[in-house]
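Biologist: I am new to this structure and would like a close look at a single part of it. Could you take me through the nonpolar core and then follow the elements that build it, in one connected account?

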Amino acid sequence: MELLFITLGGIILGLFARYFLPNRDRHGAVLIPAIGAAVSSVVWVALTWAGWAWDGGWIWVVSLVVTALVVAAADIQIGRSRKTHDEQRLQLLLSGRAAV
């Protein structure tokens, strides 16, 4: 049950990152929340395998902080990468050398 809650927390953090960070027009609506869900689940399971108690407070804090950092970094990196790619593609299309 706790894995479900931490996954939901990752989705919520991903939604916050999607709507409060720039470049939301550069990626799909579900990409960043999906990254949040995946990261929070993987971190949670890794920490439980490492012996951290699921009813302890630190496993929650570490899982959510790592998830917040990863979704913020992913949102910024994906936005920058796609902006650069879009500008290069536009220049290629405007030059008339692009194969359709």
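Modeller: In this predicted model, the largest nonpolar core is made of six residues, namely Ile6, Val39, Val43, Trp44, Leu47 and Ile59. Helix 2 gives the largest share of this core, with four residues. A second, separate core has five residues, among them Ile32, Val71, Ala74 and Ile78. In soluble globular proteins, nonpolar side chains tend to be buried together. Ile6 of the largest core also has neighbours of several kinds, for, leaving aside residues up to four places away in sequence, Ile6 touches Ser40, Trp44, Trp60, Ser63 and Leu64.

Helix 2 is followed by Gly51, which has a positive phi near 100°.

Consider next how helix 2 meets helix 1. The axes of helix 1 (residues 2-20) and helix 2 (residues 31-49) come within 7 Å and cross at roughly 145°, and this crossing is right-handed. On the side of helix 1 the contact is made by Glu2, Leu3, Ile6, Thr7, Gly10, Ile11, Gly14, Leu15, Ala17 and Arg18, while helix 2 contributes Ile32, Pro33, Gly36, Ala37, Ser40, Ser41, Trp44 and Val45. Sorted by class, the contact of helix 1 with helix 2 has ten nonpolar, six polar and two charged residues.

The other partner of helix 2 is helix 3, and here the axes come within 9 Å and cross at roughly 145°, again in a right-handed crossing. From helix 2, the residues Leu31, Ile32, Ile35, Gly36, Val39, Ser40, Val43, Trp44, Leu47 and Thr48 meet a set in helix 3 that includes Ile59, Trp60, Ser63, Val71, Ala74 and Ile78. By class, the contact of helix 2 with helix 3 has 15 nonpolar, five polar and two charged residues.

Helix 3 can be described in the same way. Its 39 residues should span 57 Å at 1.5 Å a residue, and its end C-alpha atoms are 57 Å apart, which agrees. Within helix 3, Ile59, Ser63, Thr67, Val71, Ala74, Asp75, Ile78 and Gly79 are buried, and the buried residues of helix 3 pack against helix 1 and helix 2. Just after helix 3 comes Gly96, with a positive phi of about 85°.

There remains the pairing of helix 1 with helix 3, which pack at an angle of about 35° with their axes 9 Å apart, and this crossing is right-handed. In this contact helix 1 uses Glu2, Phe5, Ile6, Gly9, Gly10, Leu13, Gly14, Ala17 and Arg18, and helix 3 uses Trp60, Ser63, Leu64, Thr67, Ala68, Val71 and Asp75. The residues of the contact of helix 1 with helix 3 divide into eight nonpolar, five polar and three charged.

Note on methods:
Residues numbered from 1 in each chain as written. Predicted model: local features only at pLDDT ≥ 70, side-chain atom pairs only at ≥ 80, totals over all residues. Heavy atoms only, no water. Axes fitted to C-alpha atoms, helices over the stretch in contact; angles between N-to-C directions. Helix = DSSP H or I, 4+ residues; strand = E, 2+ residues; numbered from the N terminus. Left-handed = near helix turned anticlockwise from the far one by under 90°. Contact = heavy atoms within 4.5 Å. Nonpolar A, V, L, I, M, F, W, Y, C, P; charged D, E, K, R; others polar. Core = buried A, V, L, I, M, F, W, Y, C linked by side-chain atoms within 4.5 Å. Buried < 20%, exposed > 50% of the residue type's maximum accessible area, 1.4 Å probe, protein only. Expected span 1.5 Å × (residues − 1).
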